[in-house]
Amino acid sequence: MKKILIASSVFVLSASAHHGVASLGVAGLEGPGAPLETTSSALIPKGTFLAYARAENIDYKLNTSAFDGEMQSHDYFSYTLGYGVSSYFNGYITMPYFTKKEEGSVGTSGFHDIKLTAVLGFKYDDGLMLNPQTESLDDLEDWHFTSSFNLSLPTGDDNVKKRDGTLYDPGLQLSFAAPSFMFGLSATKWFGENSTLVFDGTYNSFLEGSYSDGNKMKFGDEIRFNTALAYKLYTNKAKKLRFDGTVEANYLNLGRDRENSIDQQATGGEILYSTVGVRVFYQNISATVGVKMPVWKDLNEASLQQGAEGNEKSRVIMTFSALF
């Protein structure tokens, strides 16, 4: 078996105004590529740690003349530590940090709910099997898959108040005030040499959270389907350097938020995003930059929605990761 030279690993976590979903992936100097948002099916090698940081800046359009307490902009950071428990099982812990700004005010800023993720990797080679301990480059051309489970715990502050003593809108709080659960599947096909095709689907559900002012909020469930093409643009094996380009289609179906058991107007809908990015690998590190923008949307009460998915003026994503 030819040993694969792993250049770096990539953990991707994308978050929005008050929703979030995690996706996972690993990529190396040789072998399949990894997109920015779509979940790759490669795992961290056994006994190896992954350190990952992500920064995302989002500016939203204001669609109504009277601002209603939603966000104008959103800076998102996440810090992740992953570990390869075995060749087919990975575990991750993620600490998100949000800065959420209202029009004309600072808004809220701080660490959000902690996230725990477990990932199981398997492949198809004359039948489904768990990922083996080692694989050759030829083996990596088989279809690879992952199933994942993500749990967020309400560790953030759900009682952030304005200067007048009233609570911020739940979408501006630093916690969902209740756990959330996410289930996901991914599929990856490397065609050898340069091209990698990736698919994934996830379902994310939030429990109802209670706030100190007596209000209750259940954020809308999320269904996501993504597909991506990663293409190797340049490789220098002597310097352990690689550049990839990625293009993705990202579909999101948002359920309505429910406040005090009542479906909320101007929430939920469907959005199709396009994400274009560049990834560089150097030895055991990786860095990415990409732009994600809505290309089609069908939002509920669209003219009233603001500060949420589908109404971005711009969304820029940067990541940095290291394998050790």
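Reader: Where in the chain is Val289 found?

Author: Val289 is found in strand 19. A strand here is a DSSP run of E with at least two residues, numbered from the N terminus. This is a predicted model: local features need pLDDT of at least 70, side-chain atom pairs need 80 or more, and totals for chains, interfaces and linings use all residues. Residues are numbered from 1 along each chain as its sequence is written, and side-chain values use heavy atoms, without hydrogens and water.

Reader: Does Val289 count as buried, partly exposed or exposed?

Author: Buried means under 20% relative accessible area, exposed means over 50%, and partly exposed lies in between (1.4 Å probe, protein chains only). Val289 has 42% relative accessibility, so it counts as partly exposed.

Reader: In what order do the strands of the open sheet run?

Author: Two strands pair if DSSP finds at least two bridges between them. The open sheet has 4 strands in the order 12-13-16-17, and the pairing is antiparallel. Its edge strands are strand 12 (209-210) and strand 17 (262-263), each pairing on one side only. Take one pairing in detail. Strand 16 (residues 258-259) meets strand 17 over 2 bridges, in the antiparallel sense. Glu259 stands opposite Ile262 in strand 17.

Reader: Now the backbone. What is phi at Ala177 and at Gln283?

Author: Ala177 has a phi near 65 degrees, a positive value in a residue other than glycine. Ala177 sits in the loop between strand 9 (144-153) and strand 10 (180-190). Its relative accessibility is 14%, so Ala177 counts as buried. Gln283 is not a glycine either, yet its phi is positive, about 55 degrees. Gln283 lies in the loop between strand 18 (269-282) and strand 19. With 38% relative accessibility, Gln283 counts as partly exposed.

Reader: How many aromatic pairs are there?

Author: A pair of rings is described by the distance of the centres and the angle of the planes. Rings of Phe, Tyr and Trp (its six-membered ring) pair with centres within 6.5 Å; planes under 30 degrees apart are stacked, over 60 edge-to-face, the rest tilted. By this rule the count comes to 14. One of them is Phe49 with Tyr83: centres 4.6 Å apart, planes at 45 degrees, so the pair is tilted. Phe49 lies in strand 3 (residues 49-60) and Tyr83 in strand 4 (residues 73-84), so the pair ties together parts 34 residues apart in sequence. Phe49 is partly exposed at 33%, and Tyr83 is partly exposed at 32%.

Reader: What about Phe77 and Tyr97?

Author: Their centres are 6.4 Å apart and their planes stand at 55 degrees, so this pair is tilted. Phe77 is in strand 4 and Tyr97 in strand 5 (residues 89-101), so parts 20 residues apart in sequence are tied together. Phe77 is partly exposed at 29%. Tyr97 is partly exposed at 24%. Ring pairs also link Phe49, Tyr83 and Phe324 into a cluster.

Reader: Which ring has the charged end of Lys292 over it?

Author: The rule asks for NZ of Lys or CZ of Arg within 6 Å of the ring centre and within 35 degrees of the ring normal. Lys292 sits over the ring of Tyr273, 4.7 Å from its centre.

Reader: How many salt bridges does the structure hold?

Author: A salt bridge puts a side-chain nitrogen of Lys or Arg within 4 Å of a carboxyl oxygen of Asp or Glu. The structure holds 12. Lys123 forms one with Glu135, the closest N and O atoms being 2.8 Å apart. Lys123 is in strand 7 (residues 114-124), and Glu135 is in the loop between strand 8 (128-130) and strand 9, 12 residues apart. Lys123 is buried at 2%, and Glu135 is buried at 13%. Lys123 also meets Asp142 in a salt bridge (2.9 Å, N to O). Asp142 is buried at 18%.

Reader: And Arg242 with Asp244?

Author: Their side chains meet in a salt bridge (2.9 Å, N to O). Arg242 is buried at 1%, and Asp244 is buried at 0%. Elsewhere, shared partners join Glu37, Arg54, Glu56, Lys292, Glu312 and Arg315 into one salt-bridge network.
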